[in-house]
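Subject: Structure handover and notes

Dear colleague,

I am passing on the structure below, together with notes on what was found in it. Please read them with the model open beside you.

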Amino acid sequence: MAEKKEASVDAGRGLGWQQAGFIMFSFAAPSACTGVAYTFGMSGMAGGTIACLVVTAASIGGSVLLLSMRMQFPNCLTLGDLGFVVLGQPGRHWGNVIQLGNFVLFLPVALLLCATALEGVVDIPAFQGCSDYYILTVAAFCFATTQLRTLKNTQALALVSLVAVFCMSVLQIVAAFQYSVEQKVPARWFGNPKINTREGVVEAMLGATTTVWAYVPAFLTVELAGCMARPSELRKSLALSGVLNVAVFLVVGLPVVARWGYDVSDPITLTKVAAWGEGAALSKALSACLLVGNLVSYTLDSVPLGRFCQRSWAPEFADTWSLASVGRYALYTLPTWLFALFVSLAVPNLFVLLAFTTALTVPWVTQIYPAVLFLALHSGACCSLPHSQGQKSAKMRPAAKFGAVAILAVGCVSFVVCFAAAIGKVALQDLRGPSQIGCGAWIIWSS
């Protein structure tokens, strides 16, 4: 009964479709924005474009499937709830693991990204270049953002993030046309000039994986639908966010690679050009925008995770802004924040962790899981189960079945590519990068 009451309250809050679209786009766009050029440099100008369009379309399709099921079962508040309605407890566990697992494992990466951006804006001599101190500096602010509690309360931040992404896009284009790269090697239409080597193949796959994690609307579809007076309008939100995602890839990535050649880095600031030199104005401006955008990404990741913890541990929680409620909610969200802080300090290479997190969660949430649920629901297999609420689904039209199968196929291919890229990143030292625990005068381990 408590969940039904909460659902009706959320539904009446009137989040508009434009704001929902901005929230979907802002979830991963800030960190992805500085990596879009890498996609075209490593996967090719045409290859990167095709990957972006196909994956974006499949991600939108997966969210549309989730939305249709969420409208059929309006009491479902999370991805796991939908899984329970269709597949029972296995469906709930599967949905919770892939969605919440991604949220939990992305939090430490988000902390590191925020800390790195802060270091690019402000050089604090006392820290002596130790990234761990910067992590501790931003951690307290990140913890405070969980008090926003619902995605509806993040719409202003999502708009700020949108502005930050726009500024980062402009700064990259300006840098590309103001600065040149020595010994430029033009990009290929498909793949990269090193495609005949193992490293070139892995980098081509890594470039494609950026299109997979850069736009992940399914992670928030069910939750956002619960915050809208007209959940059906979420389709407009998906169209808006999808167009913004494709625009960033094409408008930023193609010109930058055309000017600097294929050998660009992810993030773009690691590319060896004067624009990103230490203390350069463009570099500081980009870092400032990246800091703002990544703080919003951390917020959008932590808010639904914190709400899930509260619903699991204290379903009767009085959702008010009294000092007692604020303190209680802080306790509910404290474990995930402490986990993120510990992992960000203790794991030697967070970007390897991110590569495997992407492979094992993102294609599953955005494409595979929605397609499996949709096909199972309309096969009639679940209608006799108690958790289906006695509802019978209409017979699936051939076009709908074809679309769901196509989304499932894209998801499976995305998983294989992402998983192979993650293995390659671990296996090749040049791609893995430095790994260490601790920094400065207290390095515990490094390789």
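Helix α10 (residues 198-213) and helix α16 (residues 398-427) pack against each other at an angle of about 130°, and their axes lie 8 Å apart. Axes here are lines fitted to C-alpha atoms, for helices over the stretch in contact, and angles run from 0 to 180 degrees between N-to-C directions. That angle makes α10 oblique to α16, given that angles under 35 degrees count as roughly parallel, over 145 as roughly antiparallel, 65 to 115 as roughly perpendicular and the rest as oblique. The crossing of α10 and α16 is left-handed, a term used if the near helix is turned anticlockwise from the far one by less than a right angle, with right-handed used if clockwise. On the α10 side, V202, M205, L206, A208, T209 and V212 meet S414, V417, C418, A420, A421, G424 and K425 of α16, where contact means heavy atoms within 4.5 Å. By class, this contact of α10 with α16 has nine nonpolar, three polar and one charged residues (Ala, Val, Leu, Ile, Met, Phe, Trp, Tyr, Cys and Pro count as nonpolar, Asp, Glu, Lys and Arg as charged, and the others, Gly among them, as polar).

Before going further, please note that this is a predicted model, in which local features need pLDDT of at least 70 and side-chain atom pairs count only at pLDDT 80 or more, while totals for chains, interfaces and linings use all residues. Residues are numbered from 1 along each chain as its sequence is written, and side-chain values use heavy atoms, with hydrogens and water left out. Helices (H or I, at least four residues) and strands (E, at least two) are DSSP runs, numbered from the N terminus.

Within α9, S169 is buried, with a relative accessible area of 9% (buried means under 20%, exposed over 50% and partly exposed in between, with a 1.4 Å probe and protein chains only). Leaving aside neighbours within four places in sequence, S169 is in contact with C33, V248 and V252.

Rings of Phe, Tyr and Trp (its six-membered ring) pair if their centres lie within 6.5 Å, and planes under 30 degrees apart count as stacked, over 60 as edge-to-face and the rest as tilted. The whole structure holds 16 aromatic pairs, and ring pairs link W94, F356, W364, Y369, F415 and F419 into a cluster.

Finally, I444 lies in the loop between β1 (436-437) and β2 (445-446) and, at 63% relative accessibility, counts as exposed.

Best wishes
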